[in-house]
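Me: I would like to go through this model and ask what stands behind the terms used for it.

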Amino acid sequence: MGLRERKKEKTRLALLDAALDLFLEQGYDATTVEQIAGAVDVSPRTFFRYFPTKEHVPLWFHEQGEETMREALDSRPADEPAFTSMVHTLRAVIQDMHGTTPEDTERFLKLRKVFDANPALVGKSVARGTATERRLTEVIAGRRGVDPADPLSALIVAWAMVTMRVGFECPVEPIDLPSMVSRMEQVLELAERSLRPGWDA
């Protein structure tokens with residue numbers, strides 16, 4: 001990153017950290033954009049340069065994850081089996097999680113607490129994840145040379161993505177990022193072993 005990009009990233013993370021702390025301290029619904037911006041000494045207008053709405057703050061990880069998956073999927077060989085491509089795509093996300101900083105880990109765990117305290121946000125997260133799956137399905141369908149409405153393409157993506165959800169919803173206590181990542185890897189390997197080669201052809 002150049003100096004300008006680093007400065008923008010620093011501001012984005014500061015807003016994210018302030019928002020998560022306020023959500024946990026006083027509740028998501030009670031927290032305003034003005035309060036988040038004020039905690040970082042910027043204007044609400046500056047906040048909206050980084051997050052279109054307050055709702056986008058707890059959904060930031062979807063943006064990161066989808067960008068990683070799209071880049072990984074675009075890099076896979078064109079003749080590779082579709083589910084294999086999706087597995088490599090998800091492993092790229094897991095690799096990113098392995099490389100997280102202590103600050104990233106703390107944000108992730110705070111985010112889990114925010115979702116636990118706000119069931120309505122879970123529904124919004126599911127809807128955002130569904131939008132990602134829809135876009136990935138279009139890519140997989142294109143790689144397979146079929147119509148985007150093809151049900152097998154949707155099944156390939158859904159089957160792959162559910163492994164991440166199982167890992168994310170890890171019931172092991174205490175909740176920590178290494179345990180989640182390990183569970184994601186285990187479930188992904190289980191999915192690979194459970195499927196007959198060529199099922200996605």
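Me: What covers residues 32–51, and how do you know that?

Reply: An unreviewed UniProt entry gives residues 32–51 the annotation "DNA-binding region"; UniProt positions are in the numbering used here, feature names are shortened, and annotations may be inferred rather than shown by experiment. The model is a predicted one, in which local features need pLDDT of at least 70, side-chain atom pairs count only at pLDDT 80 or more, and totals for chains, interfaces and linings use all residues. Residues are numbered from 1 along each chain as its sequence is written, and side-chain values use heavy atoms, with hydrogens and water left out.

Me: What is the helix and strand content over residues 32–51?

Reply: Over residues 32–51 the chain is 70% helix and 0% strand, with 13 Å between the end C-alpha atoms. Helices (H or I, at least four residues) and strands (E, at least two) are DSSP runs, numbered from the N terminus.

Me: Why is Pro148 called partly exposed?

Reply: Buried means under 20% relative accessible area, exposed over 50%, and partly exposed in between (1.4 Å probe, protein chains only). Pro148 has 49% relative accessibility, so it counts as partly exposed. Pro148 sits in the loop between H7 and H8.

Me: Which residues does Pro148 touch, leaving out those up to four places away in sequence?

Reply: Pro148 is in contact (heavy atoms within 4.5 Å) with Thr137, Glu138 and Ala141.

Me: What makes a set of residues a nonpolar core, and which residues have the most contacts inside the largest one?

Reply: A nonpolar core is a set of buried Ala, Val, Leu, Ile, Met, Phe, Trp, Tyr and Cys residues joined through side-chain atoms within 4.5 Å. The largest has 26 residues, and Phe83, Met86, Leu90, Met97, Leu136 and Met161 have the most contacts inside it. Helices H4 (60–74), H5 (82–98), H7 (119–144), H8 (151–168) and H9 (177–194) each give two or more residues to this core. H5 gives the most, eight residues.

Me: Which residues does Met97 contact, leaving aside neighbours within four places in sequence?

Reply: Met97 is in contact with Phe108, Leu177, Val181 and Met184.

Me: How do the lining residues of the second largest pocket divide?

Reply: They are two nonpolar, two polar and four charged. Ala, Val, Leu, Ile, Met, Phe, Trp, Tyr, Cys and Pro count as nonpolar, Asp, Glu, Lys and Arg as charged, and the others, Gly among them, as polar. A pocket is an open set of points on a 1 Å grid over the protein atoms alone, where a 1.4 Å probe fits, with protein on both sides within 12 Å along at least five of seven lines; lining residues have an atom within 4 Å of a point. Arg4, Lys7, Lys8, Thr11, Val42, Thr46, Arg49 and Tyr50 form this lining.
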